Structure formats: structure tokens, C-alpha cells
Amino acid sequence: MAKCKPYLSIRTGNVQNTTAVLKRMFPDNRLETVSNSRVNLYDFTGSTKEVVKELVLNESDVKEIKVEGASLERYYMSLINKEKYAGK
């Protein structure tokens, strides 16, 4: 299966706080809350070290952070969902 751009997958104990910090750090990047403990940051080109540092300083309770590649199907579905919720 084809791969799309890599993204940053963050498992956290505080999704709301993590999302708020990431929105401040990367206002132009797309964020997706995958579950009550995971957030994906798309179009990320920075340093994971800086992201972890900022999240820890803001008490986001980071459990795991890794770069992953989205399958073409997952990437397409995330775009569809984004458009679906943007229309509300």
C-alpha cells in the first residue's frame, strides 16, 4: 500500500492540554484527535525533541511520541472527516 507524508503520533495522559499546546506551536498544521489518549500532528517538519520539551513544560503527560507514515486510505479518510466536520 502507498505511503503518504509522515506524521507525529503522540500518546498522552491529557489530550486537551496536548492539543492546545500543539495548536499554539503549529497553528498551520492539521491536528487529529485519534482517541482519548492519542493526537496526530500532520505536516510536521520540526524536531521531536522540541515538541517533547514544550509538551513536558506545559504538563501534557507525554507517554509516547513517534513519527509514523499514513497509508493512502487513512490519509484520504482523515481528509474526508475534516471536510465533514468543517461543514457543521
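**Nonpolar core and helix packing**

In the predicted model, Leu8 is in contact with Val39, Asn40, Leu41, Phe44, Thr48, Val51, Ile65, Lys66 and Val67, when residues up to four places away in sequence are not counted. Leu8 also belongs to the largest nonpolar core, which has 11 residues. Helix 1 provides the largest share, three residues. In soluble globular proteins, nonpolar side chains tend to be buried together.

Helix 1 and helix 2 pack with their axes 10 Å apart, at an angle of about 130°. Helix 1 is therefore oblique to helix 2. The crossing of the two helices is right-handed. On the side of helix 1, the contact is formed by Thr18, Val21, Leu22 and Met25, and on the side of helix 2 by Glu50, Val51, Glu54 and Leu55. Classified by type, five of the residues in this contact are nonpolar, one is polar and two are charged.

Lys23 counts as exposed because its relative accessibility is 52%, the cut-off for exposed being over 50%. The C-alpha atoms of Lys23 and Leu41 are 9.5 Å apart in space, with the two residues 18 apart in sequence.

How values were computed. Residues numbered from 1 in each chain as written. Predicted model: local features only at pLDDT ≥ 70, side-chain atom pairs only at ≥ 80, totals over all residues. Heavy atoms only, no water. Core = buried A, V, L, I, M, F, W, Y, C linked by side-chain atoms within 4.5 Å. Buried < 20%, exposed > 50% of the residue type's maximum accessible area, 1.4 Å probe, protein only. Helix = DSSP H or I, 4+ residues; strand = E, 2+ residues; numbered from the N terminus. Contact = heavy atoms within 4.5 Å. Axes fitted to C-alpha atoms, helices over the stretch in contact; angles between N-to-C directions. Parallel < 35°, antiparallel > 145°, perpendicular 65-115°, else oblique. Left-handed = near helix turned anticlockwise from the far one by under 90°. Nonpolar A, V, L, I, M, F, W, Y, C, P; charged D, E, K, R; others polar.
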